[in-house]
Amino acid sequence: MMQVFAQSVGAVARQWRRQLDMRFRHLDLTQARWSVLFELSRHEEATQIELARTLGIEGATLVRLLDGLEKAGLVERRPCHRDRRAKTLRLTGQATPLIQEMKRIAADSRVALLADVSEEDLRIANRVLSQVAARLETMNGE
């Protein structure tokens with residue numbers, strides 16, 4: 001049962017990201033770009049290192065993504081007050097309507113995907129996934 005659960009979580013996560021990717025396509029956003037924008041909308045003022053760790057990508061990969069987002073006027077880098085060597089990231093005002101549209105699309109997608117799932121089943125699923133996430137953090141030394 002554990003193997004089936006693990007495979008299911010991975011498959012559902014990939015399919016859900018693919019669904020969002022298709023729904024964001026008209027916004028000219030790749031999965032990598034919209035992932036960065038969503039994460040920054042949740043944790044603005046993150047450093048590049050923190051964001052790379054959260055997204056599970058290499059720093060060099062994030063730098064390339066940020067270069068494109070900065071060129072598009074959606075993200076800006078600023079000196080970090082805590083560490084002069086680091087840069088903090090902020091969404092620009094130009095990113096605000098795009099983030100709002102992304103959140104609307106994501107919410108509509110959640111409603112459509114979870115319409116037939118009971119509140120109780122969602123609570124149980126959230127509890128299980130929270131336990132797995134906590135264990136992963138412990139195992140990964142975070």
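Mentor: We're looking at a predicted model, where local features need pLDDT of at least 70 and side-chain atom pairs pLDDT 80 or more, while totals for chains, interfaces and linings use all residues. Residues are numbered from 1 along each chain as its sequence is written, and side-chain values use heavy atoms, without hydrogens and water.

Trainee: Where is Arg33, and what does Arg33 touch beyond its neighbours within four places in sequence?

Mentor: Arg33 sits in helix α2. Its contacts (heavy atoms within 4.5 Å) are Asp28, Leu65, Gly68, Leu69 and Ala72.

Trainee: Why is Asp28 called exposed?

Mentor: Asp28 has 61% relative accessibility, and the cut-off is over 50%, so Asp28 is exposed. Asp28 lies in the loop between α1 (2-24) and α2 (31-42); those helices are DSSP runs of H or I, at least four residues, whereas strands are E runs of at least two, all numbered from the N terminus.

Trainee: What is the phi of Asp28?

Mentor: Near 60°, a positive value in a residue other than glycine. Most residues other than glycine have a negative phi.

Trainee: Why is Val12 called partly exposed?

Mentor: Val12, in helix α1, has a relative accessible area of 43%. That falls between 20% and 50%, so Val12 is partly exposed.

Trainee: Which residues meet where α2 contacts α3?

Mentor: Ser35, Val36, Glu39 and Leu40 in α2 meet Leu51, Thr54 and Leu55 in α3. By class, that contact has four nonpolar, two polar and one charged residues. Val and Leu count as nonpolar (as do Ala, Ile, Met, Phe, Trp, Tyr, Cys and Pro), Glu as charged (with Asp, Lys and Arg), and the others, Gly among them, as polar.

Trainee: What helices and strands does the whole protein have?

Mentor: Six helices and two strands, in the pattern α-α-α-α-β-β-α-α along the sequence. Buried residues make up 25% of its 142 residues.

Note on methods: Buried means under 20% relative accessible area, exposed over 50%, partly exposed in between (1.4 Å probe, protein chains only).
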